[in-house]
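Here's a quick briefing to read with the model open beside you. Take it one topic at a time and find each spot as you go.

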Amino acid sequence: KENKLEEAANLWTKIKSMNEEFAQTTDSEFCNTMRSLMDGSVDMNIAVTNASNSNTYAVIIANENYQEVAKVPYTINDGEIFAEYCKKTLGIPETNISLVKDATANNMKREVRWLTQILQQYNGEAKAIVYYAGHGIPDESTKDAYLLPVDGYGDDPSTGYSLNELYKTLNEVPSKSTLVFLDACFSGANRDG
C-alpha cells in the first residue's frame, strides 16, 4: 500500500520458504495481494548483466488511460518494467530509452521521428527497439492494423497510428537491427476480457 514492493517481495519470499502451505492457502489481504503480484511475476528480480548497448535506442509507449475508450489495465506498469529490462538486462543507457505514458497521436509520431533521426546519424550502426502496449484497432474495410493513441477513437482508424506506416518508416532507415514488440489486441476485445 505504501509502494514498498521490494520490501514486501522479500517478506513474501521468507514466508514462502518458511511455510509454503500458509503462503498458498491463507486468505488474508496481504497473502492474496502477494500471490497475485509475485507468483510468476516478471516484475521482480530483473536480471542484471554487464551488457553494454550504447548504440541501442528504445521507444516505449504505454497507453493505459484512454480519453474515449476503455482503459487498458497494467500497461503503464508493463512499459516501466520493459524499460527496466532494457537498462538492467540489455545494458541500454537510460538516456537512450524514451518511455512515454499515455501517448497522444502527436506523442507517438514524435517518438518515432526521434528514433529515426538518431538511427540516421549512425548510418546503419545502431539498433532500435519499439515497444507498444495499449489498444490496437483494425480497419474493417482494408484489414490494416492501427495502434490507438490515448486521444484516438476506437471506431475511427484514421485517429490511430498505422502499423504499416510504422514499419515503412522504420524500414527506410538503416540499422543493425530493429525489434518491434506489440502488446495490443486488434480484434476489438478488451485485454482482460
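Aspartate 102 sits in the loop between strand 2 and helix 5, and its phi is near 55°, a positive value in a residue other than glycine. Helices (H or I, at least four residues) and strands (E, at least two) are DSSP runs, numbered from the N terminus. This is a predicted model, where local features need pLDDT of at least 70 and side-chain atom pairs count only at pLDDT 80 or more, while totals for chains, interfaces and linings use all residues. Residues are numbered from 1 along each chain as its sequence is written, and side-chain values use heavy atoms, with hydrogens and water left out.

**Positive phi elsewhere**
- Most residues other than glycine have a negative phi.
- Lysine 143 turns up in the loop between strand 4 (136–138) and strand 5, with a positive phi near 65°.
- Lysine 143 counts as exposed because its relative accessibility is 64%; the cut-offs are under 20% relative accessible area for buried, over 50% for exposed, and partly exposed in between (1.4 Å probe, protein chains only).

**The whole chain**
- The chain has six helices and seven strands, and from the N terminus on they run α-α-α-β-α-β-α-β-β-β-β-α-β.
- Of the 193 residues in the chain, 38% are buried.
- Contact means heavy atoms within 4.5 Å; among contacts between residues at least 6 apart in sequence, 65% join residues at least 24 apart.
- The accessible surface comes to about 11,200 Å², and carbon and sulfur atoms account for 48% of that (Shrake-Rupley method with a 1.4 Å probe; for residues, only the protein chains shown count as cover).

**Helix 5**
- Helix 5 has 17 residues and reaches 25 Å from its first C-alpha to its last, close to the 24 Å expected at 1.5 Å a residue (the expected span is 1.5 Å times one less than the number of residues).
- Its buried residues are Asn107, Met108, Glu111, Val112, Leu115, Thr116, Ile118 and Leu119.
- Those residues are on the same side of helix 5 because they cover an arc of only 165° around the axis (the arc is that of the directions from the helix axis to the C-beta atoms).
- Look at the other side of helix 5 and you'll find Asn106 and Gln121 exposed.
- What covers the buried residues of helix 5? The cover includes strand 1, strand 2 (97–101), strand 3, strand 5, strand 6 (161–162) and helix 6.

**Serine 98**
- Serine 98 lies in strand 2, and it counts as buried because its relative accessibility is 15%.
- Skipping neighbours within four places in sequence, serine 98 is in contact with Ala58, Val59, Ile60, Glu111 and Trp114.

**Nonpolar cores**
- A nonpolar core is a set of buried Ala, Val, Leu, Ile, Met, Phe, Trp, Tyr and Cys residues joined through side-chain atoms within 4.5 Å.
- The largest one has 26 residues, and Met108, Leu115, Tyr132, Leu147 and Leu166 touch the most other members.
- At least two residues of this core come from each of strand 1 (56–62), helix 5 (105–121), strand 3 (127–133), strand 5 (145–147) and helix 6 (163–171).
- Helix 5 gives the most to this core: five residues.
- Apart from this core lies another, of ten residues, including Ile60, Phe82, Ala83 and Ile92.
- Leucine 166 is in contact with Val112, Leu147 and Tyr161, leaving aside its neighbours within four places in sequence.
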